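Here is a tutorial on reading a protein model, feature by feature. Please look at the structure before going on.

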Amino acid sequence: MKNKLRKKFKNLRKNIVNKEFKDSNICNIFINSMLYKNSNQILCYYSTINEICTENVIRKALIDNKKLALPVCEDRSGNMTFYYINDLNDVSTGAFGIKEPIVSKCVQVTDFSDSVCVVPAFTFDSKGYRLGYGKGYYDRFLEKNSLISVGLCYNDFLSDSLPCDEFDKNVNYIITEDRIIDTERRI
C-alpha cells in the first residue's frame, strides 16, 4: 500500500504547476512563523529537485545566525546524524544523491533542545503522519529526540489518512502554501 502511494505522489511531484511560487510561499510561511522565529536551532533537509525547495529556509537560517544543521545518512539501516553548517560551501552531494554536510568540515549536533526539525515527505495526513521514502531515517530520529517537527506539504498533496504502523512518527505541524496546520490543535 505505501509503495503504491509513494509511486503515485512521486509521479504527481513531477507535474506540479507553479512549483517555484508554491515552494516560496510554503517556505515564507515557515520563516515568518513563531516556530521559526522562536527557535535557536533549525534542522533541515537539503531538498532534491522534485521536493519542496528548502534552500530559502537554509539561506535565511544562515543569515539569521541560527544554528543550522543538515542530516547525514550514516548507513542503509536508517541511522542519521545532523551536522552544523556555516555556509553552503560546507555541503556536497552524499548518499542517495542528496546534498549533505561535509563531515570533515562540520561539527556533529549533540543537543537537540530548542530545535525545529523540518521533515521531508511525499504527503502528510491531518494527524501529521507522513509517507516518506521508506527507509525510516526520520522516524528513528524523531523517536530518539524530543523536539518540534514540521512537515512542508503542498495543499494538493495533503491526505485524509495514511497507512501507518507502530514505528511511524507524526510531525507536530504541517505548513502548506497558505496555512500552518497544528496536528495536535495547539494553535
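**Reading the model**

Q: Which residues line the largest cavity?
A: Arg13, Tyr45, Glu51, Ile52, Ala121, Phe122, Leu152, Cys153, Tyr154 and Phe157 line the largest cavity. The general idea comes from a probe. Rolling a probe the size of a water molecule over the atoms shows where empty space is left. On a 1 Å grid over the protein atoms alone, a cavity is a set of points where a 1.4 Å probe fits but cannot get out, and lining residues have an atom within 4 Å of a point. The model is predicted; local features need pLDDT of at least 70, side-chain atom pairs count only at pLDDT 80 or more, and totals for chains, interfaces and linings use all residues. Residues are numbered from 1 along each chain as its sequence is written, and side-chain values use heavy atoms, with hydrogens and water left out.

Q: What is the volume of the largest cavity, and which classes make up its lining?
A: The volume is about 70 Å³; it is the space filled by probe spheres set on the points, with grid points joined across faces, edges and corners. The count is one cavity of 30 Å³ or more. The lining has eight nonpolar, no polar and two charged residues. Here Ala, Val, Leu, Ile, Met, Phe, Trp, Tyr, Cys and Pro are nonpolar, Asp, Glu, Lys and Arg are charged, and the others, Gly among them, are polar.

Q: What is the volume of the largest pocket, and which residues are closest to its centre?
A: A pocket is an open set with protein on both sides within 12 Å along at least five of seven lines. The largest pocket has a volume of about 770 Å³. Of its 32 lining residues, Pro120, Gly132, Tyr133, Gly134 and Lys135 are closest to the centre. The largest share, five residues, comes from H1. By class, the lining has 15 nonpolar, five polar and 12 charged residues.

Q: Which residues have the most contacts inside the largest nonpolar core?
A: In soluble globular proteins, nonpolar side chains tend to be buried together. A nonpolar core is a set of buried Ala, Val, Leu, Ile, Met, Phe, Trp, Tyr and Cys residues joined through side-chain atoms within 4.5 Å. Buried means under 20% relative accessible area, exposed over 50%, partly exposed in between (1.4 Å probe, protein chains only). The largest core has 55 residues, and Phe30, Phe82 and Phe141 have the most contacts inside it. E2 gives the largest share of this core, five residues. In H5 (residues 137–144), Phe141 is buried, as are Tyr137, Tyr138, Asp139 and Leu142.

Methods:
Helix = DSSP H or I, 4+ residues; strand = E, 2+ residues; numbered from the N terminus.
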